[in-house]
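Here is a friendly briefing to read with the model open beside you. Please take a look at the fold before going through the points below.

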Amino acid sequence: MADKIVQIEIKRQASPDAPAVWEKFEIQWRPGMNVTSALMDIAANPVTADGRSTTPVTYDSNCLEEICGSCAMRINGKARMACSALIENLEQPIRLEPLSKFPLVRDLQVDRSVLFENLKAVKAWVPIDGTYDLGSGPRVFPQQQEVNYPLSNCISCTCCMEVCPQFNEATGFVGAATIAQVKLFNNHPTGKVFKEERLRAMAGDGGIQECGYAQNCVEACPKQLPLTEAISDVGRDVMVQKVKDFLRK
Amino acid sequence: MAAPRIIVIGGGLAGLAAVIKIAEAGGTVDLFSIVPVKRSHSVCAQGGINAAKNLKGEGDTTFKHFDDTIYGGDFLANQTPVKAMCEAAPGIIDLLDRMGVPFNRTPEGLLDFRRFGGTLYNRTAFAGATTGQQLLYALDEQVRRHESDGKVRKYEGWEFLSAIIDSKGTARGITALDLRTMELRSFPADAIILATGGIGAIFGKSTNSVVCTGSAQSAVFQQGVYYANGEFIQVHPTAIPGEDKLRLMSESARGEGGRVWVPRAPGDKRHPKQIPAAERFYFLEEWYPKYGNLVPRDIATRAIHKVVYEEGLGLNGQPMVYLDLTHIDRATLDRKLGGILEIYEKFVGVDPHDEPMKIFPGMHYTMGGLWVDFNQMTNVPGIFAAGECEYQYHGANRLGANSLVSCIFGGFVAGPNALAYARSLPAAEGDSGAAAELARQAEINSKLLQNEGTENPFKLWRELGDVMTKHATVTRYNKGLKEADEKVVELMDRYKKVNLSDKSQWANTSFAFARQLQNMLVLARVIVQGAILRDESRGAHYKPDFPERNDEKFLKTTKASFNPDCTGPRFELEDVDIQHIKPRPRRYDVAK
């Protein structure tokens, strides 16, 4: 095992307008190695398998323990986090590609800021009066906490959006991550003051009706968020809101 | 008068806390961060946040929290700001609760608390074992709200390079690099707040995130800001050894009853579950009966090193010990520790519900950092600092779950003080030196890009990490420290021959890294030389040749200032504020 070689093929693109090319690398395997450590090895010795000098690979990464959400990419065709992708569990050659549904920056790096814009659109926050001392927060029973906490574990990696057949320019669909946050903040005793606004934002174009129930999102989510459950709960609330708004007219 | 402009650098807990206070007080903020702020290193904090809410009927008080913190830090922290932090902590928990942090609850719907190291009280509020993530998200959401209202402008994907300092020595803005377009720009400001986190990358592998290089701190240090207590580095007792990093295994595992042990027989090959209790050595419980597995981190780390390196009891002769949770029922573990157990299983491939985890100490935190006054301002007027990048709250050793509270409290102090300072600042004259600073940075950039040499920056970095980990972590000898200093000087010399394999001007990550590396090298010498000068043992700083604490000589803050000469930084010692609690011997085998 000591001199085992890992074969990696990486889709490289120097800039958004540059042509995409595949480069092959061969690196030394070490126990416990993951995709990010392989990329670090390439940076320390940027030479392709056929001995040609190249540049270190550009990719997003930060925590390396699957909590910051940075290093999402397609690994052997599957959208997942590179840090928790252990080499020994992957079929070789390992093929690394950038996420395909977001504007490419360079190599494996893409621009995922659309998710943060979506979070603004649905007011994904609790509107507190201020940060001065106002005493304790609302009472929350453990049963409620156990519903909210998993939704609050979303690391904004956008894997759920990458794998969703409906997430594309034609539909403008917001994707599962944002819908889960709508449920989370609508559940909060103070956050629910914006419930109607959030539901109306989900009722229009690109909103919840774009979901085709392919259920790819829940399978791709590295943090096991109950995404399909959130989509069906928010979908029901959106329907109720639509009826209420219709009757009010 | 025009509205003051504040720049905050860093979007972790401290930076976001400062931003929120400034926005709330009517100021406007430009927020700079290398990564989207929601991906900052604060997400990695796991176990919880301390506040003496006394919701368990134990008679806990903010003074006891204060005393535990000072005692845990071996009396090196200035006491007045620590006292203020501990008094503010319960209000901070309430605020986070109001912001929607999904803290764990008691059956009655109140906040639940657990025990952490260095205290006998249940004082740590927690959201599973991903408390830092949950806190960061809460502040991120509030900042997004202020951003929607036009009070905050984010510059995500920008790296701070330097402060702009005018002819009177006052900060007037920053220079920064767009990591995508590689555009270099200056940004004027009336005050700047650095909230740029830890320095783990200087040690190669650590529990820190990739962005925690200390580059920003080093940059302003080289511009005249003091760096204090740099030699105090926390090595966390329980990390998962890894190829690319050391993944933290939270102290909360022990807070919930986890036990650390090794087989009594060296090299015992049996499966851990087959080793009967009598043949297990629960060394922390035996050596420290009062605190047991919850001694402070410096104590636990040294104990593990002793068991492994002096007594030869590491698992199968390897530098590892067991952290055992298998006696606790699955449902409790999932409710209180789910996040970290999942990390262990994903990265090691073994389920810690069924089998004890194999762990070893790893570099985790810097107690030292930029020198600040009680208003969080450095010695350069207009440059403030908050969070791990400054030195103020943890003395010679930080207690677990005190970092989150110090980040938020520090940001809450820095934000309003920066705004007040900016409001009373006389108007700038001319461009305040912005053009000159921009030209200096452009010169550094073009030199680096055009440099012809043979050195790869990532390889130099690995050598730096190895030598720092070997000589400047758990056990320190002056001889080894001097070797490390010489090695850093050698690396600085070789850095002059660095050759970037990527010379492009678009999303060039090796260029950004090479700039950080230069700053890391400067800070490495501050750490090593500070450690050489401190001939005593205090908190995380342990020298077997000087095993006792020496208050007479070293109850002092180390203050380093930049010196471009090859001898490295200059040092002076400053008295510590001990007006509230008289220093006393620190021991954890008995109740204090």
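Two strands count as paired if DSSP finds at least two bridges between them, and helices (H or I, at least four residues) and strands (E, at least two) are DSSP runs, numbered from the N terminus. This is a predicted model, in which local features need pLDDT of at least 70 and side-chain atom pairs count only at pLDDT 80 or more, while totals for chains, interfaces and linings use all residues. Residues are numbered from 1 along each chain as its sequence is written, and chains are lettered from A and ligands numbered from 1 in the order in which they are written.

**Chain B as a whole**

- Chain B contains 15 helices and 21 strands.
- The radius of gyration of chain B (taken over C-alpha atoms) is 23 Å, close to the 25 Å that the globule rule gives for 592 residues, so chain B is as compact as a globular protein of that length. The globule rule is 2.2 Å times the number of residues to the power 0.38.
- Along the principal axes, the C-alpha atoms of chain B fill a box of roughly 75 × 55 × 50 Å.
- Of the 592 residues in chain B, 61% count as buried. A residue is buried if 20 or more other C-beta atoms lie within 10 Å of its own, exposed if 12 or fewer, and partly exposed in between, with C-beta atoms placed from the backbone.
- Two residues are in contact if their C-beta atoms, placed from the backbone, lie within 7 Å. Among the contacts in chain B with a separation of 6 or more, 74% are between residues 24 or more positions apart.

- An open sheet in chain B has three strands in the order β7-β8-β9, with antiparallel pairing.
- Its edge strands, each pairing on one side only, are β7 (158–165) and β9 (184–188) of chain B.
- On average, neighbouring strands of this sheet are turned by 25 degrees against each other, direction ignored. Axes are lines fitted to C-alpha atoms, for helices over the stretch in contact, and angles run from 0 to 180 degrees between N-to-C directions.
- Seven bridges link β7(B) to strand β8 (residues 171–178) of chain B in the antiparallel sense; Ile164(B) has Gly173(B) in β8(B) as its bridge partner.
- Helix α11 (residues 434–450) of chain B packs on the sheet and touches β7, β8 and β9 of chain B, its direction making about 155 degrees with that of β9(B).

**Strand β12 of chain B**

- In strand β12 (residues 233–240) of chain B, eight of the eight residues are buried.
- Five bridges connect β12(B) with strand β17 (residues 357–366) of chain B, running antiparallel, and Gln234(B) stands opposite Tyr365(B) in β17(B).
- β12(B) is also joined by two bridges to strand β13 (residues 247–248) of chain B, again antiparallel. Ile240(B) stands opposite Arg247(B) in β13(B), and β12(B) and β13(B) form a hairpin with six residues between them.

**Where the chains meet**

- The contact takes 57 residues from chain A and 56 residues from chain B.
- On the side of chain A that touches chain B, α1(A) gives the largest share, five residues.
- By class, this side of chain A has 23 nonpolar, 27 polar and seven charged residues. Here Ala, Val, Leu, Ile, Met, Phe, Trp, Tyr, Cys and Pro count as nonpolar, Asp, Glu, Lys and Arg as charged, and the others, Gly among them, as polar.
- Nine of the ten residues of α1(A) are buried, so α1(A) is largely enclosed by the rest of the structure.
- The buried residues of α1(A) pack against β1 (5–12), β2 (21–28), β3 (72–75) and β5 (94–97) of chain A, together with α12 (457–471) and α14 of chain B.

**Backbone details to check**

- Gln92(A) and Pro93(A) are joined by a cis peptide bond, with omega about -5 degrees; Pro93(A) is in the loop between β4 (78–81) and β5 of chain A.
- Ala401(B), a residue other than glycine, has a positive phi near 70 degrees. Ala401(B) lies in the loop between β19 (383–385) and α10 (403–423) of chain B and is buried, with 29 other C-beta atoms within 10 Å.
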